[in-house]
Amino acid sequence: MLTFSRLFEVVPGPLWVWPKGYTSALVKKPFNQAQTERHRDLGWLPTIYTAFFKPRVTTMQHNISLIGAPTDIGAGSRGASMGPEALRVANIVPVLEQLGLNVLDRGNLTGPHNPWQPPVNGYRHLDEVVAWNTAVHHAVHTELVQHRLPILLGGDHCLGLGSISAVARHCRESGKKLRVLWLDAHADFNTNTLTPSGNIHGMPVACLCGYGPDALTHIGGVMPAINPRWVRQIGIRSVDAGEKRLVHEAGLEVFDMRFIDEMGMRAAVELALALVDANTHLHVSFDVDFLDPDIAPGVGTTVRGGPTYREAQLCMEMIADTGRLASLDVMELNPAFDVRNRTAEVAVDLIGSLFGKSTLMRQPAR
Ligand SMILES: [Mn+2]
């Protein structure tokens, strides 16, 4: 997946030298834009007297809209429909407000109930999935047009299709580059002929990239909704055999758990964020099963061997450091499998990190 020519594309900076976004008097490195602006204001003085670390200045959107999508229509088990309420019970609104963000909870979308039928032509509940994703698409796009940062509270991950197609449409309309970080145990790159189950929550990335039924691939108005090269997947550890072939064929860039074990979460996220710039819309699609089941048992499809709490927190903090996060999905939380809502609490805690809550003793940005 990482071909020789792409190496130049994804390794622009001194990856192995110094954490991105931090500068020191001892190690010279290219500055990101925020730092460049700071240096334009203050000349080179900070470089001279700053012996240690300075966090990056962020310019993230401060107006947040929560959109609940209470459905498990694409999942293999019932219960993700309770996800939005569990996140609210875990205090997602006050946690974001304490970070100085303006939060509007738009309430829940509505859609067809889950008829719990077997697959037809390799798809379960295709019509209902289309209805829910159409609702999500319009809700997310409406928030983006109003210059707000939408957080989609899932709901199962099939809704990533409605959400990301809306984000892609907004990027086309506003001339932005799109980067999608797909944090998940699964590649979600199945098709009706590859999938063993027919559950559409295993297909949204494939559909976004144009592999799927017309009813799903055309939701954003343009087919394919996104280019696979805009996607970086992190935390992947469970991919079906046929799905794996298609992931390679499409040229998806995947930082699987083996990569994270060998190179570390920092390297994975650093590479996944390479070339994100001031004109990039950064979308994070956070499937809660990304996390190791030890800390996040409340999901429908647990897979052992996921990121630890601290690895996940580092991932979120590094994304926050870019200041480019512009939309978010929080998916697959399933309270029916949870223990005293602790998975929802972990998810909300990590969302706090994604929006700038810092563990660090470093000085805050000015
Ligand atoms: Mn997923």
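Start your tour by selecting helix 10, residues 241–250: Glu243, Leu246, Val247 and Ala250 are its buried residues. These four lie on the same side of helix 10, because they cover an arc of only 105 degrees around the axis. Keep in mind as you look around that this is a predicted model.

Now turn to the face of helix 10 that points away from the buried side, and you will find the exposed residues Ala241, His248 and Glu249.

Next stop: strand 1, residues 63–69, where you can pick out Leu66. Is Leu66 buried or exposed? Leu66 counts as buried because it has 23 C-beta neighbours inside 10 Å. Beyond its neighbours within four places in sequence, Leu66 is in contact with Ile92, Val103, Asp105, Arg106, Ile151 and Leu153. Try the distance tool too: the C-alpha atoms of Leu66 and Val140 are 9.6 Å apart, although 74 residues separate the two along the chain.

Then show the largest nonpolar core, which has 102 residues; Leu87, Ile226, Val288, Ile319, Val330, Ala347 and Leu354 touch the most other members. Helix 6 (residues 126–145) gives this core its largest share, eight residues. Zoom in on Ala347: leaving out residues up to four places away in sequence, Ala347 touches Leu87, Val288, Val330 and Leu333.

Finally, colour by confidence. The mean pLDDT of the protein is 87, and 82% of its residues reach 70 or more. Over residues 7–58, however, the pLDDT is below 50.

Key
Residues numbered from 1 in each chain as written. Predicted model: local features only at pLDDT ≥ 70, side-chain atom pairs only at ≥ 80, totals over all residues. Core = buried A, V, L, I, M, F, W, Y, C linked by C-beta atoms within 7 Å. Buried ≥ 20, exposed ≤ 12 C-beta atoms within 10 Å, placed from the backbone. Helix = DSSP H or I, 4+ residues; strand = E, 2+ residues; numbered from the N terminus. Contact = placed C-beta atoms within 7 Å. pLDDT = per-residue confidence, 0-100. Arc of directions from axis to C-beta.
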